[in-house]
Amino acid sequence: MRQRLLILFRIFAAFVAVFVMMKPVFMLYNGTGHGLTWVDWFAVPAHGLTLDLTTAGYLTALPWLALTVSLWVRIPWARLFYAVYTGVVALLLALILIGDTCLYSFWNFKLDATVFTYLDSPGDIAASISVGYLLAGLAAVALLAGLTFWLLRLAVGRKPLGATGKTNAVTENPVAATGRTGSTLMKKLTATLVFILAGGLLFLAIRGGVGKSTANVGKVYYSSNQFLNHAAVNPAFSLFYSAGKMEDFASQCDFFPEPERARIFASMQYDTTSVACDTLLRTPRPNVLVIIMEGFGGMFVKSLGGHPDVAPNFERLLTKGVFFTNCYANSFRTDRGVVSTLSGYPALTTTSVMKLPDKSRTLPSIASSLAAAGYQTDFLYGGDVNFTNMNSYLLATGYQRVYGDTDFPADTRRTHDWGVTDRITFDRLYEMVTSRRDGQPWHTAFLTLASHEPWKVPYSRIPNDEKANAMAYLDDCLGRFVDRLRRSPQWRNLLIVCLPDHGILYPDSLTEVHPLRNHIPMLWLGGAVKAPRRIDKICNQSDLPATLLGQMGLPHGQFGFSRDVTSQTYCYPCAISVWGSGMAFYDGSGFTVFDLNSGQTLADSPQPSAQRLDRAKAFLQTSFDDLGAR
């Protein structure tokens, strides 16, 4: 019994040791710019220990069961079972721990169920990184998997797992044998009781203690520095904890009882109708081109307080169109941003609606509304249109033709790691637009791709800053395209909407707490624009469909989360942005940033506002309820 208890303890301790060891590795890799002190290197593992124990408890549960059963039944294949188990677990943990460490530098939040929405396109994921980076990551996975496997094998030692001790085939003294049998039975019963108690301790570790609160990601949050909180979180726990919440959408984010939720949401005056609109267009039926600019957030636009040298063409174009100066992205990823832009549907924290065909096909879209009004519709992208189920979403929501990388010559398909680089796709877009003659009106949506990690572009205006240079390349492509198109006959009846899918973390010190993180420019250009002007009302990227269709006099009541910014019904300007574990809410009184894991308010400026927080929660709850009902 003692040997089995030692084995159980060593297995548990081996898992904990791996988790604790990886915390300083995570901090070393991602800690630049986060102001770490020597105290933090001890505080993070100490505060994160709760979830490390919980995760180790889960992983030790199966060996505990095998050891308990082996008290009564000899398991001849126990060592093989343990070898396979430790091999699989070691590899999975290495993938999770290394993946979390690497992805954090791109996503700025801990690994969660979001990653599952991208696993069906590993080739496209690999396109974001260099071959050298990928090989280094795989080497790190192999090293960590080997170390974990060795520790787990060392925990068992050489004695076969599941052995019950020696038995005698012949006993000379039946009375003595009976006594020994009785003694053996008592030992087994005692050992079983001890192992049941050990199982109870494992259960307490899994539960997260004896308090009312069970184990959750927020239990290890302890600092106002979000990086330290994220570093403390066990990524394996975060991944599977969030995965368990992915499907029951209607039950997620239930902050308020239904009457209270409805009351708070109603106070936001989310009226989607258009009444006495401020006219922006000189024609109600322009041809409509929507350019979704990959990652081109306000941090790269001088007029929004961003980098002053990245986008001179965009700055020039701002003076020639309708510039929405207070627009905010709904989320942090392209699949969410495209849905918000084209369907006016809010992004959600833990899932991508685009990845749910049974849900996404129920969404309205600009394309379906314009197609109903007689428009020809299509979508252009230089990458794989099947990534994140994009093709299914686009075709289901009204795009009659979708063009992707396979519609380009083979020698251009790898001009960027994600596919066809922007210079080439802008040229194709120009050909598409200028080849159309007067007749059936048309709508095209175009998604750029080159301003995306790994930031490799055939352009070098801004040295030693790959991100800024990639955005400058997009700006250069856009400026050339618009200048060429302005000289074409199609310009007169054309509306171009330039709107990013999301911003990015730039500079590296920028976090979700800063309002510039989600601030994006929206610009309407073209001969169909009545006159240049600025609109300073706060709005969301998801407000585009209602605003556009309202300007065209087309119905848009089906866009329940999209508002016409130019309508007199737009009485409460506000915006919400979400990411995997939090949300930011903006209105005329300021902004509030809230972390869902810890239940902590991370920013509340210029003054704390319970009303802002309640409205953000009610909006998110309403969004999940709507998705659950679809």
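A residue is taken as buried when its relative accessible area is under 20%, as exposed when that area is over 50%, and as partly exposed in between (1.4 Å probe, protein chains only). At 15% relative accessibility, Leu-613 therefore counts as buried. The structure is a predicted model, in which local features need pLDDT of at least 70 and side-chain atom pairs count only at pLDDT 80 or more, while totals for chains, interfaces and linings use all residues. Residues are numbered from 1 along each chain as its sequence is written, and side-chain values use heavy atoms, with hydrogens and water left out.

The protein has 18 helices and 12 strands, where helices (H or I, at least four residues) and strands (E, at least two) are DSSP runs numbered from the N terminus. Along the principal axes, the C-alpha atoms fill a box of roughly 110 × 60 × 50 Å. Of the 630 residues in the protein, 57% are buried. With contact defined as heavy atoms within 4.5 Å, 75% of the contacts between residues at least 6 apart in sequence join residues at least 24 apart.

Apart from its neighbours within four places in sequence, Leu-613 is in contact with Thr-592, Phe-594 and Thr-601. Its C-alpha atom is separated by 7.4 Å from that of Phe-585, 28 residues apart along the chain. The loop between strand 12 (600–605) and helix 18 (610–629) holds Pro-606, and the peptide bond from Ser-605 to Pro-606 is cis, with omega near 0°. A cis peptide bond also joins Glu-453 to Pro-454, here with omega near 15°. Pro-454 is placed in the loop between strand 5 (442–447) and helix 16 (466–486).

Helix packing was examined for helix 3 (residues 78–107) and helix 8 (residues 235–243), whose axes come within 9 Å and cross at roughly 100°. Axes are lines fitted to C-alpha atoms, for helices over the stretch in contact, and angles run from 0 to 180 degrees between N-to-C directions. Angles under 35 degrees count as roughly parallel, over 145 as roughly antiparallel, 65 to 115 as roughly perpendicular and the rest as oblique. Helix 3 and helix 8 are therefore roughly perpendicular to each other. Helix 3 contributes Leu-93, Ile-96, Leu-97 and Asp-100 to the contact, and helix 8 contributes Pro-235, Ala-236, Leu-239 and Phe-240. By class, this contact has seven nonpolar, no polar and one charged residues; Ala, Val, Leu, Ile, Met, Phe, Trp, Tyr, Cys and Pro count as nonpolar, Asp, Glu, Lys and Arg as charged, and the others, Gly among them, as polar.

In the loop between helix 8 and helix 9 (258–267) lies Cys-253. Although Cys-253 is not a glycine, its phi is positive, at about 55°, and the residue is buried, with a relative accessible area of 18%. Asn-389 likewise is a residue other than glycine with a positive phi, near 65°; Asn-389 is found in the loop between strand 3 (376–381) and helix 14 (390–396).

Helix 17 (residues 544–551) is largely enclosed by the rest of the structure, because eight of its eight residues are buried. The elements that cover these residues include strand 1 (287–293), helix 11 (334–343), helix 13 (366–372), strand 6, strand 7 and strand 8 (533–540). Just after helix 17, Gly-553 takes a positive phi of about 70°. Thr-511 lies in the loop between strand 6 (494–500) and strand 7 (519–525) and is partly exposed, with a relative accessible area of 26%. Beyond its neighbours within four places in sequence, Thr-511 is in contact with Asn-108, Leu-505 and Arg-517.

Four cavities of 30 Å³ or more are held by the structure. On a 1 Å grid over the protein atoms alone, a cavity is a set of points where a 1.4 Å probe fits but cannot get out, and lining residues have an atom within 4 Å of a point. Grid points are joined across faces, edges and corners, and a volume is the space filled by probe spheres set on the points. The largest cavity contains about 140 Å³ of space. Its lining comprises 14 residues, of which Glu-294, Thr-334, Phe-387, Trp-418 and His-452 lie nearest its centre. The lining of the largest cavity divides into seven nonpolar, four polar and three charged residues.

Terms used:
1 Å grid on protein atoms, 1.4 Å probe; cavity = no way out; pocket = protein on both sides within 12 Å on 5 of 7 lines; lining within 4 Å.
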